[in-house]
Amino acid sequence: QVQLVESGGGLVQAGGSLRLSCVASGSILSLNAMGWYRPAPGKQRELVATISRDNNPNYADSVKGRFTISRDNAKNTVYLQMNSLKPEDTAVYYCYVRGLSGGSILYKDYWGQGTQVTVSS
């Protein structure tokens with residue numbers, strides 16, 4: 001199994017910045033895509049940003065130019081640098097990993113518990 005622990009959420013004023021981190025641990029054999037999601041109206045969760053194993057990022061249109069996703073494969077960690085935050089960015093942000101754990105032959109999707117980001121106007 002793979003466990004995910006997020007950190008870095010909090011309260012910030014509009015225009016401010018936060019950096020989210022997510023560390024994967026457990027019997028990890030390989031981590032493929034990593035990323036961040038948040039709830040959205042009419043959806044369970046919407047993509048915020050993902051990054052492939054070879055560091056190709058993908059962003060939601062709403063965060064392009066403001067958020068930057070990165071990963072440290074040696075530390076099994078994914079980061080989300082959030083700049084120019086807006087009140088509409090307020091949400092619980094969930095870490096996502098597609099990983100292969102010991103004893104498994106298939107990649108599985110794993111989710112963190114979420115970290116709250118609140119942006120005040």
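The model is predicted: local features need pLDDT of at least 70, side-chain atom pairs count only at pLDDT 80 or more, and totals for chains, interfaces and linings use all residues. Residues are numbered from 1 along each chain as its sequence is written, and side-chain values use heavy atoms, with hydrogens and water left out. Strands are DSSP runs of E with at least two residues, numbered from the N terminus.

**The nonpolar core**

- A nonpolar core is a set of buried Ala, Val, Leu, Ile, Met, Phe, Trp, Tyr and Cys residues joined through side-chain atoms within 4.5 Å.
- Buried means under 20% relative accessible area, exposed means over 50%, and partly exposed is in between (1.4 Å probe, protein chains only).
- The largest nonpolar core has 29 residues. Trp-36, Leu-80, Met-82 and Tyr-93 touch the most other members.
- Several strands each supply at least two residues of this core, including strand 1 (2-7), strand 3 (18-26), strand 4 (28-40) and strand 5 (43-51).
- Contact means heavy atoms within 4.5 Å. Leaving aside neighbours within four places in sequence, Met-82 is in contact with Gly-16, Ser-17, Leu-18, Leu-20, Arg-66, Phe-67, Tyr-93 and Val-117.

**An open sheet**

- Strands of a sheet pair through backbone hydrogen bonds, either parallel or antiparallel. Here, two strands pair if DSSP finds at least two bridges between them.
- An open sheet of 4 strands runs in the order 1-3-8-7, with antiparallel pairing. Its edge strands are strand 1 and strand 7, and each pairs on one side only.
- From one strand to the next, the twist averages 15 degrees. For such angles, axes are lines fitted to C-alpha atoms (for helices, over the stretch in contact), and the values run from 0 to 180 degrees between N-to-C directions.
- Strands 1 and 3 are antiparallel and joined over 6 bridges. Glu-6 has Cys-22 in strand 3 as its bridge partner.
- Strands 3 and 8 are also antiparallel, over 6 bridges. Leu-18 is bridged to Met-82 in strand 8, and Leu-20 stands opposite Leu-80 in strand 8.

**Aromatic pairs**

- Rings of Phe, Tyr and Trp (its six-membered ring) pair if their centres lie within 6.5 Å. Planes under 30 degrees apart count as stacked, over 60 as edge-to-face and the rest as tilted.
- The count comes to 3 aromatic pairs. One of them joins Tyr-37 and Tyr-96 edge-to-face, at 5.6 Å centre to centre and 70 degrees between the planes.
- This pair links distant parts of the chain: Tyr-37 is in strand 4 and Tyr-96 in strand 9, 59 residues apart.
- Tyr-37 counts as buried because its relative accessibility is 17%. Tyr-96 is buried too, at 11%.
- Tyr-37 and Trp-111 also pair edge-to-face, at 5.1 Å centre to centre and 75 degrees between the planes. Trp-111 lies in strand 10 (residues 108-111) and Tyr-37 in strand 4, so the pair ties together parts 74 residues apart in sequence.
- Trp-111 is partly exposed, at 34% relative accessible area. Tyr-37, Tyr-96 and Trp-111 form one aromatic cluster.

**Charges over rings**

- A charge sits over a ring if NZ of Lys or CZ of Arg is within 6 Å of the ring centre and within 35 degrees of the ring normal.
- Arg-19 lies over the face of Tyr-79, 4.1 Å from the ring centre.
- Arg-45 lies over the face of Tyr-94, 3.9 Å from the ring centre.

**Single residues in strands**

- Thr-50 belongs to strand 5. This residue is buried, with a relative accessible area of 14%.
- Beyond its neighbours within four places in sequence, Thr-50 is in contact with residues including Met-34, Tyr-37, Asn-58 and Ile-69.
- Asp-109 lies in strand 10 and is partly exposed at 42%. With neighbours within four places in sequence left aside, Asp-109 is in contact with Tyr-96, Val-97 and Arg-98.

**Positive phi in loops**

- Most residues other than glycine have a negative phi.
- Asn-55 is not a glycine, yet has a positive phi of about 70 degrees. Asn-55 is in the loop between strand 5 and strand 6 (57-59).
- Ser-84 also has a positive phi, near 50 degrees. Ser-84 is in the loop between strand 8 and strand 9.
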